[in-house]
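Subject: Structure handover

Hello,

Here is the structure for your files. My notes on the contents follow below it.

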2 protein chains.
Amino acid sequence: MPLDRIDRRILERLQRDGRIANADLAEFVGLSASACLRRVRTLEEAGIIDRYVALLDQSKIGRRMDIFVEISLKSQSNETLSAFEEAVARSTEIMECHLMAGDADYLLRIAAADPVDFERIHRDHLARLPGVSRMRTSFAIRAVSRNTAFSLPETGPDLPQQAKAK
Amino acid sequence: MPLDRIDRRILERLQRDGRIANADLAEFVGLSASACLRRVRTLEEAGIIDRYVALLDQSKIGRRMDIFVEISLKSQSNETLSAFEEAVARSTEIMECHLMAGDADYLLRIAAADPVDFERIHRDHLARLPGVSRMRTSFAIRAVSRNTAFSLPETGPDLPQQAKAK
DNA sequence: TTTCCTTCGGCACACCGATACGCATGGCTG
DNA sequence: CAGCCATGCGTATCGGTGTGCCGAAGGAAA
């Protein structure tokens, strides 16, 4: 699905303010409300807009520690990977999980309240992940920046940002 | 600010669907629309709800590569750190940056379209960060899970989740 | 216990925005 | 040039939002 200049402006705006009123968004991108709404719906249906969420202030809800955990598995077999990934998906404490190239197999990010809370997460979540051979934990002292918005370059008047991903 | 059971349900819901109509949210948590709206406003004003955003499908906008970069600085002086962090904050390509305990000083996450795009980002963004002594890059093959919602434990009927963070 | 006070939820209403039409315009193709 | 598709505009309607007011529940002090 090609994204023209207007689509990109819509996405840019919605990435910063997911709750903006359609009328305001329309004015911002220079369309009528109905035309703008139609584009937003199209972007939603295409799955380009995945979902809308509220982001909480991590420190204000008491999750001050970010912890990164590098994990190596005992084997690289399909079953081992699948079992591990399913367990990760079930855990509500694992904020992010990436399959990595390089020394470690997976990289996880955990948000914990404090060391005691991390111990709980370690015991109840991390230690129960199947197939783990090695775990290396790094603590973050402070989150410098956290960004959910991708920049959508103004590449020409109407560059097909990228073809179908389906 | 103490969060009671209803507040936590509101937050849980808004973390999953930031665009839910207030009337529906009210029904979900078992309040009238007005009472519910008042609570949401309070949570917003307290900064517990930081902001609302639209999340895009990273692969559908052509950002298929996640790259983690560990960075060590030449010095740990305040000026070096500040200069580095300010440069990071200005970059639109750096999705996350954490000050770390352990070998590396910082951990960054970058979202790139492909290797060529990463080269551009490396050249125009990473290579220009001030004070860097060493950089170690790891590629993610695939994002297994990505979660923006914190679980808000149902700790008792009305546990002060945590005191003022101001 | 009574009274005062604070907090919080429900109710009702006025208003604003979302949404679904129908119509107009313009580019492309046969 | 005629028809078609895509896309935008304007409007009318409907539903949600947000405010003002009242009443209930709980706590403190006399």
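How much area do chain B and chain A bury between them? The figure is about 6,400 Å², 54% of it on carbon and sulfur atoms; buried area here is the accessible area (1.4 Å probe) that two parts lose on being put together, summed over both.

Before the rest, note that this is a predicted model, in which local features need pLDDT of at least 70, side-chain atom pairs count only at pLDDT 80 or more, and totals for chains, interfaces and linings use all residues. Residues are numbered from 1 along each chain as its sequence is written, chains are lettered from A and ligands numbered from 1 in the order in which they are written, and side-chain values use heavy atoms, with hydrogens and water left out.

Protein interface

In chain B, the residues that lose the most area to chain A are B:Arg19, B:Leu56 and B:Phe150, together 12% of what that side buries. Chain B puts 66 residues into the contact and chain A puts in 66 residues, with contact meaning heavy atoms within 4.5 Å.

The interface of chain B and chain A has six salt bridges (a side-chain nitrogen of Lys or Arg within 4 Å of a carboxyl oxygen of Asp or Glu). One of them links A:Arg142 to B:Glu85, with the closest N and O atoms 2.8 Å apart. On the chain B side, β5(B) supplies the largest share, ten residues; helices (H or I, at least four residues) and strands (E, at least two) are DSSP runs, numbered from the N terminus.

β5(B) also runs antiparallel to strand β3 (residues 94–100) of chain A, joined to that strand by five bridges; two strands pair if DSSP finds at least two bridges between them. Within this pairing, A:Glu96 has B:Arg146 as its bridge partner.

DNA strand C

Residues from both chains surround DNA strand C, among them A:Asn22, A:Arg41, B:Ser32 and B:Ser34; a residue is near the strand if one of its heavy atoms lies within 4 Å of it. Sugar and phosphate make up 62% of the atoms of DNA strand C that come within 4 Å of the protein.

An N or O atom in the side chain of A:Arg41 is 2.8 Å from a phosphate oxygen of DNA strand C. For B:Ser32, a backbone N or O atom lies 2.6 Å from a phosphate oxygen. α3(B) gives the most to the surface near DNA strand C, with four residues.

Regards

Technical notes: A polar contact is a pair of N or O atoms within 3.5 Å; within protein, one must be able to donate a hydrogen and the other to accept it, and residues adjacent in sequence count only if both atoms are side-chain atoms.
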